[in-house]
Amino acid sequence: MQEQYNQVKKFTQALRNNHLKTEKHAPVEVNEVPSLIHEDAGVRLFELQQEENFEYREAVIAKDLVEIADGICDSIYVEFGKLVQHGISYECFLELFKEV
């Protein structure tokens, strides 16, 4: 999943660059060391995950396996985005995941 993490990081960097040009969205950060992020960015990430959870729930109720899988993948994407924005490297994520 290192490749997927890197894809999300690349996408997040592009979002950040766009934000710097347009300032239309909540701040997007890409940190290289563990960091707190701007409150607006954290709230936006929370809202994105909440939306994905709602879509997953709807797919479960509809018994739609394709949408269930899509919802799970979307949720993982959002979570990787949180890691990137908070500066938590993939290697650090793997170490932390061992503790779960």
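# Salt bridges and ring pairs

User: In this predicted model, is E32 buried or exposed?

Analyst: Happy to start there! The relative accessible area of E32 is 57%. The cut-off for this class is over 50%, so E32 counts as exposed.

User: Which residue does E32 meet in a salt bridge?

Analyst: E32 sits in the loop between α1 and α2 (39–62), and its partner is in helix α1 (residues 2–22). The two are 23 residues apart, so to speak a link between distant parts of the chain. Their side chains meet at 3.1 Å, N to O, and the partner is K9.

User: How many salt bridges does a search of the whole structure find?

Analyst: Among them are the pair of K9 and E32 and the pair of R57 and E58, at 3.5 Å from N to O. The search of the whole structure gives a total of 4.

User: Where do E79 and K82 lie?

Analyst: Their side chains form a salt bridge of 3.2 Å, N to O. E79 is partly exposed at 34% relative accessibility, and K82 is partly exposed at 23%. The two are 3 residues apart, about one turn of the helix, and both lie in helix α3 (residues 65–85).

User: On to the aromatic rings: how are the rings of F80 and F93 arranged?

Analyst: A pair of aromatic rings is described by the distance of the centres and the angle of the planes. For F80 and F93, the centres are 5.9 Å apart and the planes stand at 85 degrees. Planes over 60 degrees apart fall in this class, so the pair is edge-to-face.

User: Which parts does the pair of F80 and F93 tie together?

Analyst: The pair spans 13 residues in sequence. F80 is buried, at 5% relative accessibility, whereas F93 is partly exposed at 21%.

User: Which residues do ring pairs link into a cluster?

Analyst: The count of aromatic pairs comes to 7. F93 pairs with F80 and with Y90. The cluster linked by ring pairs consists of Y5, F80, Y90, F93 and F97.

Terms used. Residues numbered from 1 in each chain as written. Predicted model: local features only at pLDDT ≥ 70, side-chain atom pairs only at ≥ 80, totals over all residues. Heavy atoms only, no water. Helix = DSSP H or I, 4+ residues; strand = E, 2+ residues; numbered from the N terminus. Buried < 20%, exposed > 50% of the residue type's maximum accessible area, 1.4 Å probe, protein only. Phe/Tyr/Trp six-rings, centres within 6.5 Å; stacked < 30°, edge-to-face > 60°.
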